[in-house]
Amino acid sequence: MEFDLYLRYGPALLHGFGVTVLCWIVGSIGGIVLGFAIACLYRWTSRPLRWLLQAYIEVIRGTPFMIQLFILYYGGPHFGLVLDPVPAGILSFIIYGSPYFAEIFRGGFNAIPRGQIEAARCVGLAEWTITTRITLPQMLVFITAPLTNFLIILTKETAILSVVTVPELLYQTQTMASETFTYIEPFLVLSLFYWAMVVATSWLGERVEARVTRHLRRAY
Amino acid sequence: MAVLATSACDETIITVRRMSKHFGDFAALRDIDLDIRRSEVLCLIGPSGSGKSTLLRCLNFLEPYDRGEVRMRGQLIGWQEGNNPRRPLPPAKLREQRRHIGMVFQQFNLWPHFTALQNVAEALLKVKKLPRGEAMARAEAALQKVNLRDKVNSYPSALSGGQQQRVAIARAIAMEPSLMLFDEPTSALDPELVGEVLNVMKQMAAEGMTMVVVTHEMGFAAHVADRVAFLDHGRLVTCVPPAEIFGAEPADARVRSFLQTYRERNVV
C-alpha cells in the first residue's frame with residue numbers, strides 16, 4: 001500500500017466523489033419528481049394517455065442504463081440536443097430512475113384504502129389536498145423501504161456515467177489507477193466512498209420510516 | 001316565530017325523482033322517488049344488496065346516478081343542468097355541494113396519521129379556510145359534542161370502534177352540514193359499543209339535524225326515525241312512519257318476511 005498516493009490524488013478523488021454525489025442527488029430528486037408526476041397522471045388520466053405512460057415505463061425499464069446514456073449523449077446532437085457530460089448524465093439519470101419511482105408511487109397509491117379518499121371528498125377536500133395531506137404521508141409507510149432500496153442501487157449506477165467522461169468517482173479512480181499502475185489503493189477508496197453513500201442512505205431511510213410510522217406506534 | 005318554525009320543518013331539502021343507477025347491466029336502483037324534509041330522520045332498511053347504500057351514496061354523488069334527478073334545495077346534485085348526455089359538474093362545484101352534506105361510513109374511514117383533533121380540524125382548515133386557532137376551537141367543540149373531549153390528541157389506532165365512529169361523526173358535523181348521511185354506522189361495532197354511537201345520533205336528531213340512516217338497528221329505526229323506507233331489489237317499496245312498519249302487520253309481503261327474521265331474533 002502506498003499511502004502517499006492518496007495525498008497526490010486526494011483532491012481529484014474528492015472532486016470525483018463530489019460529482020458522483022451531485023449527479024446522484026439531483027438525478028434521484030428529479031427521478032422522484034418525474035416518477036411521482038407519472039404516477040399521478042396515471043391515476044387521473046384517460047385510457048390512451050395511460051397506455052402511453054405504460055409504454056414509457058416498459059421501454060425505460062426494459063433497456064440498459066448505459067444504452068440510454070449513449071443515445072442521449074451521442075445521439076442527442078442529431079436531434080439538436082447538445083449537452084455537456086454532467087448535464088447529460090444527470091438528465092439520463094432522471095429518465096432512467098423515473099419509471100421505477102413511478103411504479104413505487106403507483107403501488108403506494110393503491111395501498112391507501114378507498115374509504116379514506118371518499119371521506120376526504122365528503123368533507124369537500126380538493127383532490128390535490130387529498131394527495132398531499134392524506135395519501136402521500138400515509139403511502140410513505142409503504143414506500144420508504146423500496147425507495148431507500150432503489151436509491152441505494154442508484155448510488156452505484158452513477159459509475160456508468162464515466163463512459164461519457166463525466167469526471168465522477170470511477171472516472172477519477174481509473175485515471176489514478178492507469179497513471180500509477182496501482183489497483184488496490186484506488187479501488188479500495190472507491191469502495192469506501194460508495195459504502196459511505198449507502199450507509200448514509202439507509203440511515204436516512206430508517207429515520208424517515210420511524211417518522212412516518214409514528215402514528216402506528218404512539219398510543220395515549 | 002312559532003309559525004316560522006313549523007313551516008321550516010315542512011321545507012323539503014332533498015328531492016329525488018325517477019333516479020336510477022346501474023353497475024354495468026345490473027340495475028342497483030330503479031326509478032327512486034323520495035322527498036327528505038328538514039329536521040327529518042329517515043331510515044333506509046332492506047335486505048343486503050337491495051340498494052340502500054347505493055341510494056345513500058347517490059345523494060352526495062359518491063356514486064354518479066345515471067338517470068333521473070337528485071336535487072338539494074333545487075340544485076341538481078353532481079350533474080350540470082341541461083345538456084344531453086349529461087356532463088358532471090366541475091370538481092370545485094361538486095365540492096361546494098358536498099360540504100353541505102356530511103357522511104359517516106361503516107368503516108369510520110378516519111385518517112390514521114392524524115389525531116382525533118386533526119381529523120376533525122382538517123376540513124375546517126383546508127375547506128372552510130378558518131384560521132388555525134378558530135379551527136382547533138371548533139374541532140374541540142365538535143369532539144365535546146360526541147363526548148370525546150379527553151381524546152383530542154389520540155390517534156385512531158388508540159381508540160375503540162365506538163370512539164372512532166364518534167370522531168367520524170364529529171368530523172362531519174364540524175362542517176355544519178344541512179344533511180347527514182349514515183351508511184350502516186354501527187355495523188362494524190362490537191354490540192356493547194353500538195349504544196354510544198346511537199346515543200350521539202339520537203342527540204343529533206333531537207337537535208333537529210336532517211339525517212338519512214342506512215341501518216340494521218331496527219330499534220333505532222322504530223324509535224328515532226320519522227319515516228322508514230324499505231328497499232328491495234333496487235326499488236323503494238314503501239316509505240312510511242315507523243309505526244306502520246313495526247306496529248301492526250305491514251301491508252307489503254316483502255317487508256313482512258324481512259322483519260320476520262328480526263322478530264325471530266327478538267330484536268324488534
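A salt bridge here is a side-chain nitrogen of Lys or Arg within 4 Å of a carboxyl oxygen of Asp or Glu. By that rule, the count over all chains comes to 24 salt bridges. Keep in mind that this is a predicted model, so local features need pLDDT of at least 70 and side-chain atom pairs count only at pLDDT 80 or more, while totals for chains, interfaces and linings use all residues. On bookkeeping, residues are numbered from 1 along each chain as its sequence is written, chains are lettered from A and ligands numbered from 1 in the order in which they are written, and side-chain values use heavy atoms, with hydrogens and water left out.

Let's start with chain A. It has nine helices and zero strands, where helices (H or I, at least four residues) and strands (E, at least two) are DSSP runs numbered from the N terminus. The C-alpha atoms of chain A fill a box of roughly 70 × 55 × 20 Å along the principal axes.

Now pick out two of those helices. In chain A, α6 (residues 127-157) and α8 (residues 184-212) pack at about 180 degrees, with axes 9 Å apart; the axes are lines fitted to C-alpha atoms over the stretch in contact, and angles run from 0 to 180 degrees between N-to-C directions. α6(A) and α8(A) are therefore roughly antiparallel, the label for angles over 145 degrees. The contact (heavy atoms within 4.5 Å) includes L140(A) and T144(A) from α6(A), and V198(A) and T201(A) from α8(A). By class, this contact has eleven nonpolar, six polar and two charged residues. For those classes, Ala, Val, Leu, Ile, Met, Phe, Trp, Tyr, Cys and Pro count as nonpolar, Asp, Glu, Lys and Arg as charged, and the others, Gly among them, as polar.

Next, the interface with chain B. Here 26 residues of chain B are in contact with 22 residues of chain A. The two chains bury about 2,200 Å² between them, 63% of it on carbon and sulfur atoms; buried area is the accessible area (1.4 Å probe) that two parts lose on being put together, summed over both. W111(B), H113(B) and Y155(B) supply 27% of the area that chain B buries against chain A, more than any other three residues.

What about charges across the interface? The rule finds two salt bridges between chain B and chain A. R57(B) forms a salt bridge with E118(A), the closest N and O atoms being 2.7 Å apart. R133(A) and E122(B) also meet in a salt bridge, at 2.8 Å from N to O. That pair runs from helix α6 of chain A to helix α4 of chain B.

Methods
Angles under 35 degrees count as roughly parallel, over 145 as roughly antiparallel, 65 to 115 as roughly perpendicular and the rest as oblique.
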